[in-house]
Amino acid sequence: MFKKIVLGTVSLLALFSLAACGQGSESKDTKNDVRTLTDAQDHKVEIPNKPKRIIASYLEDYLVALDEKPVAQWTVGEGKIQNYLQDKLKDIPTINYDLPYEDVLKFEPDLLLIGSNGSLEGGKYKEYAKIAPTYVVKNGDNVTWRDQLEDIGKVLAKEDKAKEVEKDYDQLVKKTKTDLKDKIEGKSAVVLWVTNNSAFMVADNRSSGQLLYQELGFEVPKLTKDISKKATADFSQVSLESLSQLDADYIFLVNSDSGAAMFKDPLWSNIPAVKNNQLFEFDGESSWLYNGPIAYTKMVESIQTVLK
């Protein structure tokens, strides 16, 4: 009888021991569901290993490139969205660019990616962090789309995919430079954006300017050099009088105002590239006003199309 009691006690202890081990293993697995990363503002952020409801306002390009879809996509005002991404995001609802707290809450995100320090002014970070892990991606004047892609790739544990995206892009640029060698070498180009009857020129080291001059190897027109010295944004306003002296072989025009009066002005008509039919026009819904691997890829492809 005593032996049976001892054996029964031992068996119960063994069961309790196994149960305890199981609980410890489950706790450990739960802990491993997150990784702690330091973001661009030195926040320690617990990132879920496989986030399923991401909001990344104005960073959707990077998500799509990494085979991810946000739960909501960037918009400004009434229906202003990134049209060049809609083959992947057409069914994704919109959220205003400034991420109103109540709207963010409604989407129940499990990860927020923030692409600009300025968008967090007024204590917004603490509010967002109450909703979901909030990670500020590398940003600023000297941060490239590659830097942001790699940072987001790290957050999503997709570093290899980010490298693959960059490799594919670099191969496209290399092929374009080879195929269009006679159209690029010794030729100058500029990107203009016309909106509200005003013209803006891209800086030589920003956005599509970085693509034209650093990557593809077009020469920088004098006017672009002058504007770039004082540039505080991707595009800087330039007068029609200044444009009349533009010595660029090609103009890539992003036209958000097709009825602009400036297009009827003789000063515009006498710009050398315009006179020589070397102006190539893209509408305001194209990728030229955006940043990211997909935007840049589409820019290169459009250059291939018009210069082939």
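# Pockets, sheets and helices of a predicted model

The lining of the largest pocket is made up of 19 nonpolar, 18 polar and eight charged residues. Here Ala, Val, Leu, Ile, Met, Phe, Trp, Tyr, Cys and Pro are nonpolar, Asp, Glu, Lys and Arg charged, and the others, Gly among them, polar. The model is predicted, so local features need pLDDT of at least 70 and side-chain atom pairs pLDDT 80 or more, while totals for chains, interfaces and linings use all residues. Residues are numbered from 1 along each chain as its sequence is written, and side-chain values use heavy atoms, leaving out hydrogens and water.

## Pockets

A pocket is an open set of points on a 1 Å grid over the protein atoms alone, where a 1.4 Å probe fits, with protein on both sides within 12 Å along at least five of seven lines; lining residues have an atom within 4 Å of a point. Grid points are joined across faces, edges and corners, and the volume is the space filled by probe spheres set on them.

| Pocket | Volume | Lining |
|---|---|---|
| Largest pocket | about 1,300 Å³ | 45 residues |
| Second largest pocket | about 300 Å³ | 17 residues |

Tyr58, Gly115, Gln148, Asp234 and Asn291 lie nearest the centre of the largest pocket. Two or more lining residues each come from strand E6 (111–114), helix H5 (124–131), H6, E8 and H9. Helices (H or I, at least four residues) and strands (E, at least two) are DSSP runs numbered from the N terminus.

In the second largest pocket, Val64, Ala65, Val165, Ile294 and Thr297 lie nearest the centre. Helix H2 (60–65), H7 and helix H14 (293–307) each give two or more residues to this lining. H7 supplies the largest share, six residues.

## Sheets and a hairpin

Five strands form an open sheet in the order E10-E9-E8-E11-E12, with mixed pairing; two strands pair if DSSP finds at least two bridges between them. Strand E10 (235–238) and strand E12 (279–283) are the edge strands, each pairing on one side only. From one strand to the next the twist averages 30 degrees. Strand E11 (residues 250–255) runs parallel to E12, joined by five bridges, and Phe252 has Phe280 in E12 as its bridge partner. Helix H9 (residues 207–216) packs on this sheet, touching strand E8 (189–195), strand E9 (198–202), E10 and E11. Contact means heavy atoms within 4.5 Å.

A second open sheet has three strands in the order E3-E6-E7, with parallel pairing. Strand E3 (54–55) and strand E7 (134–136) stand at its edges with a single partner strand each, so one side of each has no neighbour in the sheet. Three bridges join E6 to E7, and Ile114 has Val136 in E7 as its bridge partner. H5 packs on the sheet, touching E6 and E7, at about 135 degrees to E7. H6 lies across E6 and E7, at about 155 degrees to E7. Angles run from 0 to 180 degrees between N-to-C directions, and axes are lines fitted to C-alpha atoms, for helices over the stretch in contact.

Strand E1 (residues 34–38) and strand E2 (residues 44–48) pair in the antiparallel sense over five bridges. They form a hairpin with five residues between them, and Asp42 in the turn has a positive phi of about 65 degrees.

## Two packed helices

Helix H6 (residues 145–155) and helix H7 (residues 159–179) pack at about 155 degrees, with their axes 7 Å apart. H6 and H7 are therefore roughly antiparallel (over 145 degrees). Residues in contact include Trp145 and Leu149 in H6 and Val165 and Tyr169 in H7. The contact residues divide into five nonpolar, one polar and six charged.

Technical notes:
Angles under 35 degrees count as roughly parallel, over 145 as roughly antiparallel, 65 to 115 as roughly perpendicular and the rest as oblique.
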